[in-house]
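Here are my notes after going through this one, point by point. Have it open alongside as you read.

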Amino acid sequence: MSFFKRLKEKLIGSSEEKETVQQLEQTQQDDDQSPLQLAERAELNTPVEEQKVEEVLPVELPEKHEETSKPEEVEVEKNEIVVIEESVEKEEEKQPSAWSITQKFKAGLEKTRQSFTSKVNDLVARYRKVDEDFFEELEDVLLQADVGVETVMELMDKLRFEVQRKNIKDTNGIQALISEKLVEIYESGGENLTELAIQPKGELTVILFVGVNGVGKTTTIGKLAHRLKSEGKTVMLAAGDTFRAGAIEQLQVWGERVGCEVIAQSEGSDPAAVMYDAIHAAKTRNADVLICDTAGRLQNKVNLMNELEKVHRVISREIPNAPHEVLLALDATTGQNALVQAQTFKEVTNVTGIVLTKLDGTAKGGIVLAIRNKLHIPVKFVGLGEKMDDLQPFDAERYVYGLFAEGLEKELNEVEND
Ligand SMILES: Nc1nc2c(ncn2[C@@H]2O[C@H](COP(=O)(O)OP(=O)(O)O)[C@@H](O)[C@H]2O)c(=O)[nH]1
Ligand SMILES: [Mg+2]
């Protein structure tokens, strides 16, 4: 299957969304909107199916569709457990569509796209023809987006080869070519496992979060708990950051929002003791997943190592192969510094996956590629905003679409719909 066909199927999804696209195309045969635009409109209009398509199509719709549901804003009282359960059941029924997830990547990568695409567009306009000077400037643009030297070099080699092989002369299709090669590079970088090591039903899965202060651990734990709950799992949280003032309360607030029990002790207590308590509580309540927060003191590597080792030891004494995941949260806005942090944590603990937070807050979203290339640890999730459903499993195709959305549409529209 060609890259663009695969990309398109992935972005739009293959089932109902596609049908909606085709229906819309039939009703509007003389309409010159692209299937992608139609899909976008279809997505936006899903809740009002009866609405006349003709009336909707010519209107420019804003991209604020996330606002259609805001479950996180429902304040939940502790004594309303029944209500929480009901709302979660409802959420289970309406899983987000492929296209709405694609739109999250597009929105989350807006800053990167704006800075990156405008530079690439500018290059394309100035050069028109692909030559060595063009490649050199392109290299700079990619480096400025934090893609990382090795990845940029690999990409440039691939582009040069492809340009020669296909005898490409003009710069117009270059965004499409870059996209294709970036996905290729990402996928060749090792296993593309975004799945969490969730244990079979009846067994407790323990997920440990590590990372320095402020990178977004607690927030991500809240979002992940929400995600796992909406898949029907019983989730509990362990307030292992007993160091930072307010950290326990912050996790408790998330627990209330999402509807998860939080196991906590007082500030300053031993994190390992919290883990011990939490595992026992989770086992007693037959929880499916326990997500553990930790403090991220990096001032002293020996302390960090000791603390994480102790936490780890206590967890695996209670459940032999736990923690099943050690997720390292890295803040995308810190750029190359994130790579340094990752290196340190890799040395002190067995990191099984990375959560790259705040991708929406940086114009240098190329850091995903650098992380992949340097660390060989899968980026399992990316944070695309501060809302509860802004945590998404990383997806190379959607990511690339987020980088080049406008530049790719022409290519994608030329792919046949079958
Ligand atoms: N824009 C944006 N902000 C985020 C994201 N993830 C976390 N944050 C914010 O980052 C700040 C620090 O997060 P926190 O969870 O307290 O970090 P921790 O110290 O590692 O636990 C908070 O203000 C969060 O709202 C994200 O994906 N996007
Ligand atoms: Mg925290």
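**Notes on the ligand shell, sheet and core**

1. Start with helix 11 (residues 217–230), which supplies three residues to the shell around ligand 1, the largest share. Bear in mind throughout that this is a predicted model. The shell has 17 residues, and the closest are Gly-216, Lys-217, Thr-218, Thr-219 and Gly-383.

2. Eight strands make up an open sheet with mixed pairing, in the order 3-2-4-1-5-6-7-8. Strand 3 (261–263) and strand 8 (391–393) sit at the edges, each pairing on one side only. On average, neighbouring strands are turned by 25 degrees against each other, ignoring direction.

3. Within that sheet, have a look at strand 1 (residues 205–210) and strand 5 (residues 325–331): they run parallel and are joined by four bridges. Ile-207 has Glu-325 of strand 5 opposite.

4. Helix 13 (residues 271–284) lies across strand 2 (235–238), strand 3 and strand 4 (289–292). Against strand 2, the helix runs at about 165 degrees.

5. Finally, the largest nonpolar core, with 100 residues: which members touch the most others? They are Ala-225, Leu-237, Ala-278, Leu-290, Ile-291, Cys-292 and Leu-356. Helix 17 (residues 396–414) gives the most to this core, eight residues.

6. Ile-291 deserves a click of its own. Leaving out residues up to four places away in sequence, Ile-291 touches Ile-207, Phe-209, Ile-221, Leu-224, Ala-225, Val-235 and Leu-237.

How values were computed. Residues numbered from 1 in each chain as written. Chains lettered and ligands numbered in written order. Predicted model: local features only at pLDDT ≥ 70, side-chain atom pairs only at ≥ 80, totals over all residues. Core = buried A, V, L, I, M, F, W, Y, C linked by C-beta atoms within 7 Å. Buried ≥ 20, exposed ≤ 12 C-beta atoms within 10 Å, placed from the backbone. Helix = DSSP H or I, 4+ residues; strand = E, 2+ residues; numbered from the N terminus. Contact = placed C-beta atoms within 7 Å. Near = placed C-beta within 6 Å. Pairing = 2+ DSSP bridges. Axes fitted to C-alpha atoms, helices over the stretch in contact; angles between N-to-C directions.
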